[in-house]
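Dear colleague,

Please find below the structure I promised to hand over, together with its sequence. My notes on its charged side chains follow.

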Amino acid sequence: MKELFIEAKLENMERVMDFINAQLEDSPELKDCSLKIKNQIGIAVDEVFSNICRYAYYPSIGSVTVRIAIDNNINIEFEDSGMAHDPFSADTPDISLSVEERKVGGLGIFMLKKLMDSVEYRREENKNILLIKKKIAN
């Protein structure tokens with residue numbers, strides 16, 4: 001498992017994406033991985049990292065550890081020691097409503113669930129740990 005320890009600042013998004021993309025490019029398991037899967041991973045990583053930057057330590061800045069392991073799945077884990085936040089505790093947004101009728105927020109985790117094959121959250125030793133998984137499809 002490879003890992004990146006970085007400050008939770010939006011300015012670091014490019015470094016996070018470069019780290020993830022380098023692992024995807026260097027992995028022999030992903031030599032035939034579709035561009036669609038790589039794009040879905042990019043969207044998911046952007047969503048998770050940006051939410052940590054915006055909310056986990058607000059108004060301060062903390063750090064994030066991003067880990068990636070590739071086997072039959074692409075497994076990406078985000079760990080921060082910010083405020084406890086279980087993303088599954090919020091109600092699922094009603095996407096049948098018009099934009100004007102919908103409550104603000106909640107679409108990020110909904111989108112993650114649609115893009116990824118698995119999204120898991122746990123709180124351990126005062127840390128938020130979010131694991132996203134995408135099956136490698138040929």
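**Salt bridges in the model**

A search of the whole structure, which is a predicted model, finds ten salt bridges. Three of these pairs are described below.

The side chains of E77 and R122 form a salt bridge, with 3.5 Å between the closest N and O atoms. Because E77 belongs to strand β3 (residues 73-80) and R122 to strand β4 (residues 118-124), this pair ties together parts that are 45 residues apart in sequence. E77 counts as buried, at 12% relative accessibility, whereas R122 is partly exposed, with a relative accessible area of 32%.

E79 and K127 also meet through their side chains in a salt bridge, at 3.3 Å from N to O. Here E79 lies in strand β3 and K127 in strand β5 (residues 127-135), so that distant parts of the chain, 48 residues apart, are linked. E79 is buried, with a relative accessible area of 14%, while K127 is partly exposed at 30%.

A further salt bridge joins E120 and K133, whose closest N and O atoms are 4.0 Å apart. With E120 in strand β4 and K133 in strand β5, the pair ties together parts that are 13 residues apart in sequence. E120 counts as partly exposed at 36% relative accessibility, and K133 is partly exposed with a relative accessible area of 24%.

Finally, a network of salt bridges links E3, R67, E77, E79, R122, E124 and K127. In general, side chains of opposite charge can pair when their charged atoms come close.

With kind regards

How values were computed:
Residues numbered from 1 in each chain as written. Predicted model: local features only at pLDDT ≥ 70, side-chain atom pairs only at ≥ 80, totals over all residues. Heavy atoms only, no water. Helix = DSSP H or I, 4+ residues; strand = E, 2+ residues; numbered from the N terminus. Buried < 20%, exposed > 50% of the residue type's maximum accessible area, 1.4 Å probe, protein only.
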